[in-house]
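Please keep the sequence and the structure in view while reading.

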Amino acid sequence: MIYSHVPVMLKEIISFLDPKIGGKFIDCTLGGAGYTRAIAELVGEKGKVLGIDLDELALENAKRLLKEKKLNNVELVRSNFKNLNEVAESVFPGELVDGIVFDLGLSSAQLDDEARGFSFKGERALDMSFGPDNELSTEKIVNFYSLLELTKIFREYGEEKQAYRIAKKIVETRKKKKIKTTSDLCTLIEEIIPIRAWSKIHPATKVFQALRMETNKELEVLAEALEQAEKRLKIGGRLVVVSFHSGEDRIVKNFLRDRKGKDFNILTKKPLIPGSFEASCNKRARSAKLRAAQKI
Ligand SMILES: C[S@@+](CC[C@H](N)C(=O)[O-])C[C@H]1O[C@@H](n2cnc3c(N)ncnc32)[C@H](O)[C@@H]1O
C-alpha cells in the first residue's frame with residue numbers, strides 16, 4: 001500500500017520548533033513522517049528525532065522513506081503517545097529535548113486503508129483503532145454502548161444534531177442484527193439524515209468522527225501526553241500542537257492557559273490556521289489549528 005499524507009502547516013511547524021544542528025526532537029504522531037523527515041534533515045547527524053506512532057503502517061513507511069533519504073538519526077517506536085515519558089526515556093535516557101510536536105487525528109493513508117473502517121466509503125469492518133492492540137473496538141461501541149452513551153459521544157465528539165435519533169436507530173437495529181460494517185452503519189444513518197446533493201459532507205461524517213475519537217480515547221490520551229511533554233522539554237524547548245477538533249483544541253488551549261507565564265511562554269496568542277493556498281490545495285488542512293509554546 002502506498003502511504004500518502006500531505007503534512008499540514010509544515011513550514012509553520014518548522015518555524016516554531018526551530019530545529020538546530022545537534023537538536024533532539026520528538027514527533028508524537030509520525031504518520032507519513034513529513035515532520036520527522038524535515039526535522040531530521042535540519043538537526044543533522046549529531047541530532048536525533050524520535051518518531052512515535054501506534055500504526056505499524058506508518059512505521060513501515062517511515063523506515064523505507066528514511067532509508068531512501070539516508071537519514072540515520074531517527075528512532076521509530078510503535079507506541080501510544082500517552083506513554084511519552086517512558087518512550088522518551090528509552091531513547092533519550094535522562095535527557096530533556098528541544099521540541100515536541102503533535103499532529104492529531106488520523107492520516108490520509110489511514111482514511112484510505114480498506115482494511116480499516118475510518119472511511120464511510122465501501123464496505124469495511126467497523127475498526128477505527130489507530131493501532132492493533134487497542135482496548136476498545138468500534139464494533140463493540142456500536143453494538144454494546146447504551147442509548148445514552150452513544151448519544152453523548154455523537155453529541156460531544158461529533159457535534160451531531162441528530163445524535164439521539166441516530167443512537168436510537170442503532171439500538172433498534174442491533175436488536176435484530178449485529179451492526180458489522182461501515183456500510184451497515186451508513187445505511188441506518190442515511191435513514192435519519194438523507195444524502196443531499198447540496199450538502200458538503202456525507203451524513204455519516206460526524207458519527208464516524210465521534211466513533212473514532214471514542215475508540216482511541218483521543219481526548220483523554222492527549223491530556224495525559226501534554227503533561228508528560230511539559231516534563232520532557234528543556235528550558236527554551238518548544239511544544240507545538242496541531243489539532244482538527246474543537247475538543248482537542250480546547251484541551252491544548254486550557255493546558256497552555258493554566259501554565260502561561262509559569263511554565264510556558266505562549267507563542268501563538270490565537271491558534272494559527274493554514275493560509276488560503278494550503279487550504280485550497282489540501283482539504284484536510286482546512287480545520288487545522290496550530291498552537292505553540294516555549295518552556296520557561
Ligand atoms: C495526522 S497524522 C500525522 C501526520 C504527520 N505529521 C506527517 O507529517 O505525515 C496522525 C498520526 O498520529 C497517529 N496517532 C494518533 N493518535 C495516536 C496516539 N495516541 N499515539 C500514537 N500515535 C497516534 C496516527 O496513527 C497517525 O498516523
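Where does K70 lie? K70 is found in the loop between α3 (56-68) and β3 (74-78); helices (H or I, at least four residues) and strands (E, at least two) are DSSP runs, numbered from the N terminus.

1. Basis of the model. This is a predicted model, in which local features need pLDDT of at least 70 and side-chain atom pairs count only at pLDDT 80 or more, while totals for chains, interfaces and linings use all residues. Residues are numbered from 1 along each chain as its sequence is written.

2. Positive phi values. K70 has a phi near 55°, a positive value in a residue other than glycine. K70 counts as exposed because it has 6 C-beta neighbours inside 10 Å. M9 belongs to the segment before α1 (10-17), and it counts as buried because 23 C-beta neighbours lie inside 10 Å.

3. Strand β1 and its partners. In strand β1 (residues 24-27), K24 and I26 point one way, F25 and D27 point the other way, and all are buried. Strand β1 runs parallel to strand β2 (residues 48-53), and four bridges join them; two strands pair if DSSP finds at least two bridges between them. From β1 the chain crosses through helix α2 (residues 34-43) to β2, in a right-handed β-α-β crossover. Right-handed here means that, with the strands pointing away from the viewer, the path from the first strand over the helix to the second runs clockwise. F25 has V49 as its bridge partner in β2. Strand β1 also pairs in the parallel sense with strand β4 (residues 97-103), over three bridges, and there I26 has I100 as its bridge partner.

4. Domains. An automatic or database domain assignment supplies the bounds, dividing the protein chain into domain 1 (10-109 + 218-295) and domain 2 (135-215). The C-alpha centres of domain 1 and domain 2 are 31 Å apart.

5. Helix α7. L150, T151, I153 and F154 are the buried residues of helix α7 (residues 147-156). An α-helix has 3.6 residues a turn, so residues three or four places apart point the same way. The cover over the buried residues of α7 includes α8 (163-176) and α10 (205-215).

6. The loop at K82. K82 lies between β3 and α4 (84-91), in a loop, and counts as partly exposed because it has 19 C-beta neighbours inside 10 Å. K82 and L226 are 144 residues apart in sequence, yet their C-alpha atoms are 8.6 Å apart in space. Not counting residues up to four places away in sequence, K82 touches V221, E224 and A225, where contact requires C-beta atoms, placed from the backbone, within 7 Å.

How values were computed. A residue is buried if 20 or more other C-beta atoms lie within 10 Å of its own, exposed if 12 or fewer, and partly exposed in between; C-beta atoms are placed from the backbone. Two residues are in contact if their C-beta atoms, placed from the backbone, lie within 7 Å.
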